[in-house]
Amino acid sequence: MYIGAHTIGIGHCNLFSKRLFNFTGKGDQDPSLNPTYANFLKTKCQGLSDNTTTVKMDPNSSNTFDSNYYSILRQNKGLFQSDAALLTTKMSRNIVNKLVKKDKFFTKFGHSMKRMGAIEVLTGSAGEIRRKCSVVNA
């Protein structure tokens, strides 16, 4: 399994601001987040409920599909908790280290797209289009 969708685009502050302002419920910051990057994010995001401000997911190349996402992960600058989680196990950390290499990233991404193209589309009552990606519709 390879991920890298966060190489392009933006994230809304309310989707990651808990990492900045209240990680464990005690007003603290996620210790796995690069402190300099966290301070930069705090200058952009107003607080936990800021749902209007956006930040680039890949600060160096947010408009370019490239392997830089994996470089920033290795610097502990992944925007979301799911990004940081990729460094928590040896297996996923090894994958991150491999995908820093541009040729490896594009090859693996191509394989992933081919596999995804083989997934059958669910129609009718067999599936759903989620209103919010992370939550099954009620």
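## Briefing on a predicted protein model

Of the 138 residues in the protein, 31% are buried, where buried means under 20% relative accessible area, exposed means over 50%, and partly exposed lies in between (1.4 Å probe, protein chains only). The model is a predicted one, in which local features need pLDDT of at least 70 and side-chain atom pairs count only at pLDDT 80 or more, while totals for chains, interfaces and linings use all residues. Residues are numbered from 1 along each chain as its sequence is written, and side-chain values use heavy atoms, with hydrogens and water left out.

**Overall architecture**

- The protein has 6 helices and 2 strands, and read along the sequence these follow the pattern β-α-α-β-α-α-α-α; helices (H or I, at least four residues) and strands (E, at least two) are DSSP runs, numbered from the N terminus.
- Along its principal axes, the C-alpha trace of the protein spans about 45 × 40 × 30 Å.
- Among the contacts in the protein with a separation of 6 or more, 60% are between residues 24 or more positions apart, a contact being heavy atoms within 4.5 Å.

**Surface and charge**

- The accessible surface of the protein comes to about 9100 Å², and carbon and sulfur atoms account for 56% of this area, as computed by the Shrake-Rupley method with a 1.4 Å probe, with only the protein chains shown counting as cover for residues.
- The protein has 20 positive and 9 negative charges, whose mean positions are 5 Å apart; Lys and Arg count as positive and Asp and Glu as negative, whereas His and the chain ends are not counted, and each charge is placed at NZ of Lys, CZ of Arg, CG of Asp or CD of Glu.

**Nonpolar cores**

- The largest nonpolar core has 12 residues, namely C13, F16, L20, L33, Y37, A38, L41, C45, V55, M57, L79 and F80, a core being a set of buried Ala, Val, Leu, Ile, Met, Phe, Trp, Tyr and Cys residues joined through side-chain atoms within 4.5 Å.
- Helix α2 (residues 35-44) supplies the largest share of this core, with 3 residues.
- Apart from this core lies another, of 9 residues, which include Y69, Y70, L87 and F105.
- C13, a member of the 12-residue core, is in contact with C45, D50, T53 and V55 once its neighbours within four places in sequence are left aside.

**Aromatic pairs**

- The count comes to 9 aromatic pairs, where rings of Phe, Tyr and Trp (its six-membered ring) pair if their centres lie within 6.5 Å, and planes under 30 degrees apart count as stacked, over 60 as edge-to-face and the rest as tilted.
- Y69 and Y70 form an edge-to-face pair, at 4.9 Å centre to centre with 80 degrees between the planes, and both Y69 and Y70 are buried.
- The pair of F105 and F109 is tilted, because the ring centres are 6.0 Å apart and the planes stand at 35 degrees.
- F105 and F109 are 4 residues apart in helix α6 (residues 102-117), and are therefore separated by about one helical turn.
- F105 counts as buried at 3% relative accessibility, whereas F109, at 28%, counts as partly exposed.
- One aromatic cluster is formed by F65, Y69, Y70, F105, F106 and F109.

**Two loop residues**

- S62 has its place in the loop between β2 (54-56) and α3 (68-74), where S62 is buried with a relative accessible area of 8% and touches T7, I8, G9 and K56, not counting residues up to four places away in sequence.
- N76 is found in the loop between α3 and α4 (81-84) and is partly exposed, with a relative accessible area of 36%; although N76 is not a glycine, its phi is positive, at about 60 degrees.
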